[in-house]
Structure formats: structure tokens, C-alpha cells
Amino acid sequence: MISEPNVDALKAEALALNEKRGELQRQVQEALDFLDSTPAGRSGLLVDPEGFPRDDCDLYAVSRARNVVSCGRNDLRAVEERLYVILGDLHEATKVEAAARMAADDPGLLASRAEGKELERRLAEACKIGSMPGIFHVISVEGGCPAAEGGLRPQDTILQFGELNAETIQGRDEEGRGLRALAEITQEWEGRLLSVWVRSEDEAEPREIFVVPQRWSGTGLLGCTLSPF
């Protein structure tokens with residue numbers, strides 16, 4: 001049993017992590033938008049054909065923005081992983097029960113900050129998604145592709161892709177087994193952080209990753225092969 005002071009500390013840390021998560025998403029998206037506005041883009045060479053530094057953009061700003069994107073994605077994964085550890089410590093059962101207990105034990109903590117309600121919603125969402133059947137199986141992920149950069153791995157099971165999951169697929173793209181809807185969502189989110197919930201074979205809990213569909217040296221906007229269940 002976790003002592004009351006420790007529970008309060010974990011609640012506070014969870015709220016802080018949720019706030020940090022939102023800030024990281026904002027920073028990464030701003031960096032992506034900036035890179036898209038430059039001639040060098042997100043992955044273009046920083047030298048001209050003769051090997052000299054290109055003079056059509058601020059190379060320092062481009063390098064810094066690329067670093068923000070790379071580090072921000074890694075930090076987002078770390079935040080999500082730590083959040084699940086906290087939830088496991090708070091309650092041995094489901095994330096929904098943990099969220100309800102947080103609200104019941106200390107309603108002032110959640111009510112005092114808007115992030116509290118958002119955290120409670122996300123905990124319930126994670127539990128709901130975790131209980132859903134998968135919609136796609138990841139067959140392969142090409143090296144250096146947008147899917148790989150976002151953290152998608154071969155043999156992962158995709159539980160939710162944007163708003164597409166086992167429930168919404170019934171009314172949106174049942175005939176196409178979700179592939180048509182997936183293509184539409186991918187195009188709609190091109191250049192932006194897209195939330196994808198997955199479960200890996202070696203992990204008991206689902207995890208949320210952030211993929212940025214974009215054009216790259218390979219085919220498609222994701223660079224992975226998926227098979228519908």
C-alpha cells in the first residue's frame with residue numbers, strides 16, 4: 001500500500017508530466033512548422049552542391065529546430081513511460097480506477113488545474129484503448145522512415161490511429177477494413193504530430209507514440225507496411 005504522502009507526490013508528478021507533454025508537443029510542432037518554411041526543410045542538406053554551407057537559410061536555426069524535433073520526440077516517449085510507472089504505483093488495477101481514486105482522494109488538486117481534468121480523461125482513454133482489439137499489425141518498418149522516427153516497430157499492434165480504432169472503423173471504413181480511412185487520416189495529418197496507440201509483444205501496457213506523416217526518400221508518408229486484422 002502506498003502511503004498518503006507518496007500518493008500525493010505521485011499525483012503532483014503526474015500532473016506535471018501531463019503539462020510537460022503538452023509543452024513538448026507544442027515545441028516539436030513549432031519546430032516542424034519552422035523547418036517547413038525553410039529551403040532546407042526537415043532533412044535537406046545544409047551544404048550546396050560544391051560542399052559549401054548553403055546561404056539561402058539560417059543554418060544555425062535549422063540545425064537547432066531539427067534538434068528540437070529529435071530530442072522532443074525522445075522526451076515525449078520518456079514522459080509517457082514515466083506516466084505509466086506512476087499509474088502502476090498509484091493503483092494495481094486499471095487506469096480508470098486510478099483516475100477515479102485521484103479525483104476522490106484530492107478533488108482540490110485536480111480542480112485547481114485544468115491539466116487535472118485532461119489527465120483524468122487521458123487515463124480513462126488509455127484504459128479504454130488498452131482493452132480494444134487491434135486494427136492493424138505492423139509487418140515492416142523501413143529504416144529512417146517517419147514511422148520509425150516516431151517509434152513504430154515491426155510486430156507492433158496498432159490499437160488506435162488518430163481517431164480510428166476498432167469502434168470507429170465500423171462506421172467509417174468497415175468495407176475497406178480500415179485501410180482507406182488510414183490513408184485519409186495520414187494525408188490529413190501530413191506534417192503534424194499524429195497520436196498512435198500501439199501494443200508491443202514485450203510490453204503489457206499500450207503506449208502512445210507520435211508520428212509525423214511526411215514525404216521522405218522512400219515511398220508513402222509513413223514508410224511502413226500494415227496488415228488489417
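**Close-up views of a predicted model**

**View 1. The cysteines: a search of the whole structure finds zero disulfides.** A disulfide here is a pair of cysteine sulfur atoms within 2.5 Å. The closest cysteine sulfur to that of Cys145 belongs to Cys224, and at 6.2 Å it is too far for a bond. Cys145 is buried, with a relative accessible area of 0%, where buried means under 20% relative accessible area, exposed over 50% and partly exposed in between (1.4 Å probe, protein chains only). Cys57 also counts as buried, at 17% relative accessibility. This is a predicted model, in which local features need pLDDT of at least 70 and side-chain atom pairs count only at pLDDT 80 or more, while totals for chains, interfaces and linings use all residues. Residues are numbered from 1 along each chain as its sequence is written, and side-chain values use heavy atoms, with hydrogens and water left out.

**View 2. The largest nonpolar core has 24 residues.** Such a core is a set of buried Ala, Val, Leu, Ile, Met, Phe, Trp, Tyr and Cys residues joined through side-chain atoms within 4.5 Å. Look for Leu152, Ile158, Phe161, Leu164 and Val196, which have the most contacts inside this core. At least two core residues come from each of strand 1 (136-141), strand 2 (157-161), helix 8 (179-188), strand 4 (194-199), strand 5 (207-211) and strand 6 (224-228). These elements are DSSP runs numbered from the N terminus: helices are H or I, at least four residues, and strands are E, at least two. Another core, of 20 residues, lies apart from this one and includes Leu24, Val28, Val62 and Leu83.

**View 3. Strand 5 is mostly covered, with five of its five residues buried.** Arg207, Ile209 and Val211 point one way from the strand, and Glu208 and Phe210 point the other way. In a regular strand the side chains alternate between the two faces of the sheet. Strand 5 pairs with strand 4 in the antiparallel sense over five bridges; for two strands to pair, DSSP must find at least two bridges between them. Glu208 of strand 5 is the bridge partner of Trp197.

**View 4. Glu201 sits in the loop between strand 4 and strand 5.** At 69% relative accessibility, Glu201 counts as exposed. Thr157 is 44 residues from Glu201 in sequence, yet their C-alpha atoms are 8.2 Å apart in space.
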